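Hi there,

Here is the structure I promised to pass along. Please have a look at it first, and then read on for my notes.

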Amino acid sequence: MNCLDLWAIGPELALALTCLLLVPLAGLVRGKWRALPSIFAGFGMVVALFLNIQTLNFPQQAVFCGTYALDGFGSVFKLLIIGSALLALLPIAAYFHGRDAEPHAPVALMFAVLGGVALAGSLDLGLIVLFLQMLSTASYLLVSVTRGGKRANEATLKYFIYGAVALAVMAYGLSFLYGLTGSLSLSSIGAALGGADPVWVWVALTLILVGYAFEITAVPFHFWAPDVYAGASAPVTGFISVLPKIAGFAGLLRLLLIAFPNGLSGWPILIAVLAALTMLLGNLAALRQTRLKRLLAYSSIAQAGYVLMAVAVAGTVPGALSAAGYYLAAYAFMNLAAFTVVAQFERKSGQDQLTSLRGLSKTAPGTAALLTLALLSLAGIPPLAGFLGKVLLLQMALSGGLTWLAVFAALNMVLGLYYYLRPVVEMYLRSPEGETELHREPGYGWALGLTTFGTLLLGIWPAPALALLSGLARMLH
C-alpha cells in the first residue's frame with residue numbers, strides 16, 4: 001500500500017515550508033527588514049488558500065493510510081482557518097511594526113495555523129493529539145513573544161498550565177478509546193464502540209471533551225480566557241479568540257460524528273447542557289466588565305455557547321454543520337474587527353477601558369462606526385452577519401427538538417445586547433475627555449476594511465456562503 005499521498009496535502013505543505021523558511025529568517029533580519037517575515041507569512045497563506053480552494057472538488061477519501069481526511073468538510077474549515085489567520089496577520093504586523101517582536105510574531109502564528117489546519121483533517125487519535133499540541137504551543141508562544149511585563153508573563157503561564165492539563169486529560173480519554181477498540185482510527189472506533197461498555201465509553205467521551213472545551217472556551221474550562229485575553233497584546237488576543245476556536249470546533253465535530261455515531265453515550269444532551277451553561281456564564285460575566293478586552297473575552301465564551309447549539313444537533317439535523325460553519329465565519333469577521341480597533345488604542349495609550357472610548361464618534365468617526373458595526377453584529381442586530389448566524393443556530397436547535405435550548409439562547413441574546421451597546425453609548429453619547437490617540441498603520445485600515453466588508457456581505461448577501469457550506473454533513477468523511 002502506498003501511503004505517501006503528498007499530492008493531497010498541498011495547503012499543509014505550503015504552510016509547513018513557510019514555517020521552515022520563517023524560523024531562520026526571523027533570527028537574521030534586522031532594522032527595516034524585520035517586516036519580511038510577515039510578508040512571507042502572508043504570501044505562504046495566500047498560496048495555501050489557493051491550493052485549498054483547488055481541493056474543494058476533490059473526491060472524498062482518506063489518505064496517508066486512512067489517517068487524514070481529504071473531504072469538503074475539512075477543506076471548508078481550512079478555508080476559514082487560513083482566511084481568519086490572514087486577516088489577523090494584518091493588525092499583528094501593524095501593531096508590532098518597529099518593535100523587537102515584529103519578526104517573531106508571524107513565526108508563532110504560522111505554526112498555529114499549520115496545527116489548526118491539520119487538526120481539521122485528522123482521522124487518527126495520534127494526529128489529533130499532535131496537531132492540537134502544535135496549535136496550543138504556538139498560541140502560548142504568540143502570547144509570550146509579543147508582549148513583555150508581569151501581566152503578560154502571568155497570562156502566558158496560566159495559558160500554558162491550563163492548556164497542558166486539558167490536553168493531558170484529553171489524551172487520557174483518547175487512550176481509553178484505544179483500549180476499548182484497539183484502534184487509533186476514528187472510523188474503526190465508531191464501528192467498534194457500539195459493543196463496548198457504555199460506562200467506559202461515557203468516561204472516555206467526558207475526558208476527551210475537556211481538551212476541546214479548552215480550545216473553544218466552553219464552560220467550565222474557560223477560566224484561562226479572561227486573564228489571557230487581558231494579558232496578551234490586543235491583535236494577538238484577536239487571533240487566539242478566533243483561530244483555535246474554529247479549529248477546535250472542526251476537530252470536535254469530526255470526532256463526535258465519526259467516532260461516536262448516532263448520539264452514542266448521549267453526547268447531544270451533554271453538548272446541549274454545555275451550550276446553555278457556556279452562553280449563560282459568558283453573558284452574565286460580560287455584564288460587569290469595564291475593560292473592552294475582558295468584555296470581549298466573556299463575549300467569546302458566550303459565542304462558543306451559541307455555536308455549541310449546532311454541535312448538539314449535528315448528528316440529526318442536516319443543516320446544523322452549515323449553520324455552525326456560517327456562524328464561525330461571521331464570528332471571525334466581527335471579532336477580528338473589534339480587536340483591530342482595540343489594538344489601535346492599546347498600541348498608543350496602553351488602555352482598553354470602556355471610558356477610553358468616550359467621544360470617539362467625534363474624534364475618529366470612521367473608527368467608531370466600524371467598531372459599532374462589529375459590536376452590533378456580535379449582538380445579532382439585522383442585517384449584519386451575526387443576526388443571520390444566530391437565526392440559523394436557533395432554527396437548528398428547534399429542528400433538533402431542543403426548544404428549551406433555543407428559548408434559553410434567545411433570552412441570552414437579549415442579555416448580550418446590554419453589554420455590546422455599552423461601548424456604543426460611550427462612543428456616541430459621551431463627550432471626549434481628552435484627545436483620542438489611535439495608532440495609525442495601513443495594516444489596521446486593511447484589516448478593518450476587509451472584516452467589515454465580510455460582516456456586511458455575509459449579512460446582506462449570504463447566498464454564496466450558504467451554497468458553499470450546504471451539504472457540509474455529506475462532505476464529512
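**Notes on the model**

Let me begin in a loop: Pro383 sits between α15 (365-379) and α16 (385-399). The bond that joins Pro382 to Pro383 is a cis peptide, with omega near 5°. Please keep in mind that this is a predicted model. There is another cis peptide bond from Val219 to Pro220, again with omega near 5°. Pro220 lies in the loop between α8 and α9 (224-231). Both bonds deserve a mention because most peptide bonds are trans.

**The chain as a whole**

The protein chain is built with 19 helices and two strands. Its C-alpha trace spans about 70 × 55 × 40 Å along the principal axes. How does the radius of gyration fit a compact globule of 477 residues? Such a globule would have a value near 23 Å, and the protein chain has 21 Å, so the two agree.

Of the 477 residues, 60% are buried. Looking at contacts in the chain with a separation of 6 or more, 82% come from residues 24 or more positions apart. The chain exposes about 17400 Å², and carbon and sulfur atoms supply 69% of that area. As for charge, there are 24 positive and 17 negative ones, and their mean positions are 7 Å apart.

Helix α6 (residues 150-181) has 32 residues. From its first C-alpha to its last, α6 reaches 47 Å, close to the 46 Å expected at 1.5 Å a residue. Gly182 follows α6 and has a positive phi, near 70°.

Helix α11 covers residues 267-286. Its 20 residues should span 28 Å at 1.5 Å a residue, and the end C-alpha atoms are 28 Å apart, so α11 agrees with expectation. Which residues of α11 are buried? They are Trp267, Ile271, Ala272, Leu274, Ala275, Ala276, Thr278, Met279, Gly282, Asn283, Ala285 and Ala286. What covers them includes α8 (198-216), α10 (234-259), α12 (292-312) and α17 (403-429).

Two residues are worth a look here, because most residues other than glycine have a negative phi.

- Ser265 has a positive phi of about 65° although it is not a glycine. Its place is in the loop between α10 and α11. With 23% relative accessibility, Ser265 counts as partly exposed.
- Cys65, also not a glycine, has a positive phi near 60°. Cys65 belongs to the loop between β1 (61-63) and β2 (68-70). At 45% relative accessibility, Cys65 is partly exposed.

**The loop between the strands**

Thr67 is also found in the loop between β1 and β2. Thr67 and Leu125 are 58 residues apart in sequence, while their C-alpha atoms are 8.7 Å apart in space.

Happy to go through any of this with you.

Best wishes

Methods: Residues numbered from 1 in each chain as written. Predicted model: local features only at pLDDT ≥ 70, side-chain atom pairs only at ≥ 80, totals over all residues. Heavy atoms only, no water. Helix = DSSP H or I, 4+ residues; strand = E, 2+ residues; numbered from the N terminus. Expected span 1.5 Å × (residues − 1). Buried < 20%, exposed > 50% of the residue type's maximum accessible area, 1.4 Å probe, protein only. Contact = heavy atoms within 4.5 Å. Rg over C-alpha atoms; globule rule 2.2 N^0.38 Å. Areas by Shrake-Rupley, 256 points an atom, 1.4 Å probe, with all protein chains shown as cover. Lys, Arg positive; Asp, Glu negative; His and termini not counted. Charge placed at Lys NZ, Arg CZ, Asp CG, Glu CD.
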